[in-house]
Amino acid sequence: MQSLINRANVYMVYRNISTHRTFQSSSDTYAKAIDMYARDRALYRGRALHAHLVIIGLARLTYFAAKLMSFYTECGQLSNARKLFDKIPNTNIRRWIVLTGACARRGFYEEALSAFSEMQKEGLRPNQFVLPSILKACGHLSDRRTGENMHTVILKNSFESDAYIISALIYMYSKCGHVEKACRVFDWIVDKDLVVTNAMVSGYAQHGFVHEALDLVQKMQQAGVKPNVVSWNTLIAGFSQVGDKSMVSEVFRLMTANGVEPDVVSWTSVISGFVQNFHNHEGFDAFKEMLDQGFCPSSVTISSLLPACTNVANLRRGKEIHGYAMVIGVEKDVYVRSALVDMYAKCGYISEAKILFYMMPERNTVTWNSLIFGYANHGYCKEAIELFNQMEESDTKLDHLTFTAVLNACSHAGMVELGESLFQKMQEKYRIEPRLEHYACMVDLLGRAGKLSEAYDLIKAMPVEPDKFVWGALLGACRNHGNIELAEVAAEHLFELEPESPGSSLLLSNLYADAGRWGNAAKMKKMMKQRKFGKFQGAVG
């Protein structure tokens, strides 16, 4: 109740400010208002307060400038945050701490590392306040090289005793897939507190070593360190993600036996784990049980459950969850709205997805990507490309999925030149290295246009091994354009990647038949029967 009263008081401050009444406020009240607007991502109210602080002369103080920087970053307005940053004197290290911290916290990891690079160029050394943010960014970007450089800085400056820095270091190695290095860092620590141990438990759980994570929690208890709700929720999430329902129940039992009551995060972890592993019915059952236990779902719970409704069969449930989200007041949350846009778009309800999208005061990368994919996958290729152009003009960060979506649209629309241009722009302007899905889109784009030699040349020039989707796109194009020679090459590679799948052989057999090469078609069918018979014999034996 007290927190609600405080919140009401802060909103009353804003009301007085916005109506230009004479009002004397302490710096503390203004600071609380900025923090609240940042938490709620209330961009318009925050801007009004910023304007008021400019008028009364407080905005130029480093304390308020730093808070406003965090506010604008939380709202995704990096250009405004940067303007405030540039007004703070260069000698003030605090501005770097705030900028890197806000960027890492909000998910602008590349921008956090870019700011850190600038900081080093100015001759400022990393300190214990900057390092956790940089290590977090390195982990999310799988930038192990920079992370290892930070490890050297930690050792040189004797920061090994700082629990938050060491936790961030363990987190970085774990996120980069080097759990053994995370273990080594953990083993070096003499006094292992709860913060550090939870970081290692999380590292194990993220990579499927959930039983090792449980063993560590039990060792923690034997050493006199009591696991908290974060420890148990990490285990619940880990066992949920590997689909081990019996162990999820066991962790709930252990949690309660150790005097820690499950919370909303516990249930959300279960739901999220089931949905991520396509155990949708179990996810719905867990949601129902959560409600039966008297818990009120959070925006994270709802946004974790909605992906289970991204097919027409479950759309009715999705609409019910949408209605429930409105009742409990989380429907306007950016992550819930993004999940709703994604759900309606994937189910083919493009108009509903579009209405929700344009009603949103704030959109993140996922929101834009969801509607671009929705347009592209349902034949609205022109709209997909127009929306991509709007996204470029906004302050939203484009990622690898954005380009997968728009390249997919170009492929379906036969826009070869635009697709090639975007493929180049992705690399040169946005510094996004092409992934297998981008190459598959480009091969499909060129193949549909009949440029089979160019598609094959692109495959041969790939810096990574082509997967079944890349070769499948080429084989499909060869089938459409009757190119038997390249089809044989693609089919051979597909057979190596999927020796038990008959798809590529069947496609090649049909291509032979279309070309009147009946001998080759018969030979291919005979080979398919032999494989099937051999597989049957192996199963019997």
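Predicted model: local features only at pLDDT ≥ 70, side-chain atom pairs only at ≥ 80, totals over all residues.
**Entry 1: the end of helix 15.** I began at Gly259, which follows helix 15 and has a positive phi, near 80°. I took helices as DSSP runs of H or I with at least four residues, numbered from the N terminus. Residues are numbered from 1 along each chain as its sequence is written, and side-chain values use heavy atoms, without hydrogens and water.

**Entry 2: length.** I found that helix 15 covers residues 245-257, 13 residues in all. Its first and last C-alpha lie 19 Å apart, close to the expected 18 Å, which is 1.5 Å times one less than the number of residues.

**Entry 3: faces.** I listed Met247, Val248, Val251, Phe252, Leu254 and Met255 as the buried residues of helix 15; buried means under 20% relative accessible area and exposed over 50%, with a 1.4 Å probe and protein chains only. Seen down the helix axis, these buried residues fall within an arc of 165°, so they line one face of helix 15. The arc is taken from the directions from the helix axis to the C-beta atoms. On the face turned away from the buried side I noted the exposed Ser246 and Ala257.

**Entry 4: neighbours.** The buried residues of helix 15 pack against helix 13 (210-222), helix 14 (229-241) and helix 16 (264-276), with contact meaning heavy atoms within 4.5 Å.

**Entry 5: cysteines.** I counted 0 disulfides, requiring a pair of cysteine sulfur atoms within 2.5 Å. The sulfur of Cys441 is 9.3 Å from the closest cysteine sulfur, in Cys410, too far for a bond. Cys441 is buried at 12% relative accessible area, and Cys183 is buried at 15%.

Conventions. Helix = DSSP H or I, 4+ residues; strand = E, 2+ residues; numbered from the N terminus.
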